[in-house]
Amino acid sequence: MKFEYQESHKRSSQKHCQSKKDAGFPSSPPSAELCQNIVSDFCADTSPDVFEETGCAVCGKLTPICTMEELSEVENVSLLKADGVTRKARSKGSDPVKELRGPILAPACNKVCPICADSLDKTKVPTLALANGLWIGEIPDELQGLTYAEQLLIARVRHNRCIVKVSSGMYKMRANAISFSNPMPKIYNVLPPPIEEMDEVLAFIYTGPCKPTKADFKWTPMLVRRLKVSKALHWLKLNHADYYDCENSEKNLASYPEDGPPVVVDYLWEWAIALHGRGLVPLGADKFYINYCLRHIVSHN
Ligand SMILES: [Zn+2]
């Protein structure tokens with residue numbers, strides 16, 4: 001038995017050595033055919049068709065196009081008609097409240113993801129279909145491109161306290177506290193809020209070698225464009241169910257600066273010198289940082 005084993009082992013090791021000799025070292029370069037196969041396979045695997053995505057017309061989810069079906073080829077699209085889900089945008093108060101007609105589909109989408117297509121094939125409305133109460137419509141121009149400060153001005157409830165730091169033209173959120181108190185202490189019936197109230201929710205620190213100019217403020221998320229805020233509030237009042245009883249205050253809006261941050265700046269030079277002396281503010285800190293420290297200290301004493 002042992003002898004047999006030794007023989008077979010010897011044979012297999014000889015075979016292994018022979019195959020090694022055949023392979024040679026260093027190995028020969030890959031053939032032209034193999035190279036061509038590798039390149040064409042790589043091109044096929046990384047071509048845009050494999051990973052290009054588009055929105056599903058039924059649920060809106062981004063899905064690789066190669067797995068999707070054409071909307072015209074999907075059956076039972078009529079199942080996506082639903083009442084009380086959509087609402088036509090109104091441009092003035094006298095316009096009647098109307099719903100969109102026909103199946104509820106994502107605009108500018110003409111393909112359907114496999115999950116939705118499969119569900120419709122079984123004559124079932126897909127769980128995540130827009131027609132299932134998930135429709136919100138296209139974002140109107142009035143609500144697009146709002147800066148952070150402008151978004152704060154049109155919100156009816158404030159639950160964030162933010163410190164935004166701008167340094168050398170770049171900006172970032174330095175600190176952000178979110179707190180939902182129950183019951184809600186204040187729901188704004190008049191928007192935008194008085195400019196003084198913005199100080200409670202927002203602190204703005206600007207650091208740099210010199211005082212920020214109007215051009216600097218244009219790069220910050222703190223910019224408030226009155227016309228943009230006014231248009232956004234007007235659109236919300238006409239089209240958003242939660243804003244129907246909200247009053248748009250032109251007087252409050254006019255109190256906001258057109259090209260600066262909406263935070264009240266009340267800078268006291270004597271205080272700043274005293275703070276330098278006590279080591280509370282670093283030497284060379286600019287006006288806005290000192291101002292922020294001042295308010296912080298006052299509110300804690
Ligand atoms: Zn879908």
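Helices (H or I, at least four residues) and strands (E, at least two) are taken here as DSSP runs, numbered from the N terminus. The model is a predicted one, in which local features need pLDDT of at least 70, side-chain atom pairs count only at pLDDT 80 or more, and totals for chains, interfaces and linings use all residues. Residues are numbered from 1 along each chain as its sequence is written.

**The whole chain**

Begin with everything displayed: the protein has eleven helices and nine strands. Of its 301 residues, 18% are buried, a residue being buried if 20 or more other C-beta atoms lie within 10 Å of its own, exposed if 12 or fewer, and partly exposed in between, with C-beta atoms placed from the backbone. Two residues are in contact if their C-beta atoms, placed from the backbone, lie within 7 Å; among contacts between residues at least 6 apart in sequence, 72% join residues at least 24 apart.

Select residues 32–45, which form helix H2; its 14 residues reach 20 Å from first C-alpha to last, close to the 20 Å expected at 1.5 Å a residue, where the expected span is 1.5 Å times one less than the number of residues. The number of buried residues among the 14 of H2 is zero, so this helix lies largely in the open.

Next select residues 226–239, helix H8, which also has 14 residues and reaches 20 Å from its first C-alpha to its last, close to the 20 Å expected. Colour Val229, Ala232, Leu233, Leu236 and Asn239, which are buried in H8. They cover an arc of only 150° around the axis, which puts them on the same side of H8; the arc is that of the directions from the helix axis to the C-beta atoms. An α-helix has 3.6 residues a turn, so residues three or four places apart point the same way.

**From Asn239 to arginine 87**

Arginine 87 belongs to the loop between E3 and E4 and, with 16 C-beta neighbours inside 10 Å, counts as partly exposed. Residues up to four places away in sequence aside, arginine 87 touches Val97, Glu99 and Asn239.

**Leucine 120 and its surroundings**

Move to leucine 120 in helix H4 (residues 114–121), which counts as buried with 22 C-beta neighbours inside 10 Å. Beyond its neighbours within four places in sequence, leucine 120 is in contact with Val74, Glu75, Asn76, Val77, Leu79 and Pro126. For valine 77, 43 residues apart from leucine 120 along the chain, the C-alpha separation is 7.2 Å.

**Backbone details**

Most residues other than glycine have a negative phi, and most peptide bonds are trans. Asparagine 76, however, has a positive phi of about 60° although it is not a glycine; this residue sits in the loop between strand E3 (69–70) and strand E4 (111–112) and is partly exposed, with 15 other C-beta atoms within 10 Å. Threonine 123, in the loop between H4 and H5, likewise has a positive phi, near 50°, and is exposed, with 9 other C-beta atoms within 10 Å.

Finish at proline 192, in the loop between E7 and helix H6 (195–201), where the peptide bond from leucine 191 to proline 192 is cis, with omega near -5°.
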